[in-house]
Amino acid sequence: MPERTFVAFDVDNTLLDPEMRAYRETVVRFLEATDIGLPQGEAYDAFEEARATGHALERLGLRNPIHHGGNAEGLAAFWLMYCANTKQRKELGIDETAQVGIREALSELARLDKQTRKGAFDSRLVAERRCRSLCSTDERLQRLAAEATRLAGYSLIMEASRRFKSIEDVQPVANRLAIMKTLASRGLHPIIITEGRTANQDEKVQRIGLGESWHSRVLVTEETSRVAGIRELDQVISALMDAESADTQRPPSAELASLWRYRCVMEEWAGKTPSFFARCLHSIHQSPDAPRTSIQPPAYVPNKDWQPLKFVMIGDRYDKDVEPLIALLGPGVGMKIRLRMGKYGQLHPEDSLDRGRLPDRTFTDWDSLAHFLTEELTPEQIPPVTTPPDIADRQFVTRELVDFGLQCELEAVRSVGAALEAQLSDTT
């Protein structure tokens, strides 16, 4: 493959609604028309707090409001936790005295849930066991799940869900097709790298004017981590956890520990981590015109086959769009661009960062960013990626773990094991 320059964009708060104007307007107008009995500012904060617990709600079998904003089950949970409107509480059968306890229990579950996705793999397993135990024993969480499921079918909640969607749908967002065409006309190759649910992110891409022809150039975390056979793997892990739950002080069996480590490798691909971006770069290398077609099964292009490529990443969050790439490639490889606008604009100010870990460029408005990309950026400014990046942290990729994966009967583990074998055997 001749050396090519790929310009990757984040979606949320970058291509779509960088100032978060459309999102804020949606939530504000929704809450004004809803009246849960709190002052406007408090209602907005409560809505955001409820939405932030989305992964914990998902553990309880409810739809995640992070990915499905305004869905009925997520709104039912919001009402259960924060409604202060006496009439609505009476109509919905919400127990005022239980609200604080439900919020506290969900907050604890959300805290533990985060621990299952970060840190050492063994400590993640401890957190996973605690999460499962909490879900099965805490009456407040069980009540929340049952009540949210019940309330999701009430006309007040269903109407609120429809109202949220109708407000969201009419919010104006900028069309981004022109900038993509301009970049392509200059010999650059625009793609999208985004975090979230595949169907949701595809819908957002279409909303900003990029049609079906863009489908093969959109890389999404969910699709990257959904290795074939992962559902069966999760079932086996759950069964082993259930069988070993009688004595939570005992270390896990060797089988559970190994399967869990593989599951953690896959989970690393479910968020904007160094390993996820590595998967994207290997897919770009394999299929430069349609990288999405190579995202599964997991693959590692060895050093002998790797051809240098130039890569630019543009996103609004330092911790998700800049820092992981610095950790993966180093500060002098590729180009990491931050758009400091919207909700995350004030986080990670540059005077708080080490000099060697700064973005290569930072912009505080879309027009300046667009001018740089379409008028100033040239391939010569971008140091190429000359060696294949690791798709999994090498400290976890042991010979023993790889051999376990290659011999495993589970499709997902074998597939990942083969990719890890290629990485382990590579000499860079």
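Predicted model: local features only at pLDDT ≥ 70, side-chain atom pairs only at ≥ 80, totals over all residues.
The expected span of a helix is 1.5 Å times one less than its number of residues.

**Helix α14**

- Most of α14 is covered, with eleven of its 15 residues buried.
- Those buried residues are L256, A257, S258, L259, W260, Y262, R263, C264, V265, M266 and E268.
- The cover over them includes α7, α12, α13, α15 (274-286), α18 (399-407) and α19.

**Helix α13**

- Helix α13 takes in residues 230-243, and its 14 residues should span 20 Å at 1.5 Å a residue; the end C-alpha atoms are 20 Å apart, which agrees.
- I230, L233, I237, L240 and M241 are the buried residues of α13. They sit on the same side of the helix, because the arc they cover around the axis is only 100°.
- An α-helix has 3.6 residues a turn, so residues three or four places apart point the same way.
- On the face of α13 turned away from the buried side you will find the exposed residues R231, Q235, D242 and A243.
- The packing partners of the buried residues of α13 are α7 (121-137), α12 (221-225), α14 (254-268) and α19 (411-425).

**Nonpolar cores**

- The largest nonpolar core holds 51 residues, and I193, M266 and F311 have the most contacts inside it. Helix α14 is the top contributor to this core, giving seven residues.
- Beyond neighbours within four places in sequence, I193 is in contact with A8, F9, D10, L219, K272, F276, F277, C280, F311 and M313.
- Another core lies apart from the largest one; it has 48 residues, including Y44, A145, A160 and F164.

**Aromatic pairs**

- Searching the whole structure turns up ten aromatic pairs.
- One of them joins F30 and F164: the ring centres are 5.4 Å apart and the planes are at 75°, so this pair is edge-to-face. It connects distant parts of the chain, since F30 belongs to helix α1 (residues 21-34) and F164 to helix α9 (residues 155-169), 134 residues apart. Both F30 and F164 are buried.
- F78 and W79 also form an edge-to-face pair, because their ring centres are 5.7 Å apart and their planes are at 80°. F78 is buried at a relative accessible area of 2%, and W79 is buried at 0%.
- Through ring pairs, F30, F47, F78, W79, Y82 and F164 are linked into a cluster.

**Charges over rings**

- R317 places its charged end over the ring of Y344, 4.0 Å from the ring centre.
- R361 lies over the face of F372, and here the distance to the ring centre is 4.4 Å.

**V7 in strand β1**

- V7 belongs to strand β1 (residues 5-9), and its relative accessibility of 0% means that V7 counts as buried.
- V7 and I191 are 184 residues apart along the chain, yet their C-alpha atoms are separated by 6.1 Å.
- Leaving out residues up to four places away in sequence, V7 touches L183, L188, H189, P190, I191, V312, I314 and L377.

Notes:
Residues numbered from 1 in each chain as written. Heavy atoms only, no water. Helix = DSSP H or I, 4+ residues; strand = E, 2+ residues; numbered from the N terminus. Buried < 20%, exposed > 50% of the residue type's maximum accessible area, 1.4 Å probe, protein only. Arc of directions from axis to C-beta. Contact = heavy atoms within 4.5 Å. Core = buried A, V, L, I, M, F, W, Y, C linked by side-chain atoms within 4.5 Å. Phe/Tyr/Trp six-rings, centres within 6.5 Å; stacked < 30°, edge-to-face > 60°. Lys NZ or Arg CZ within 6 Å of the ring centre and 35° of its normal.
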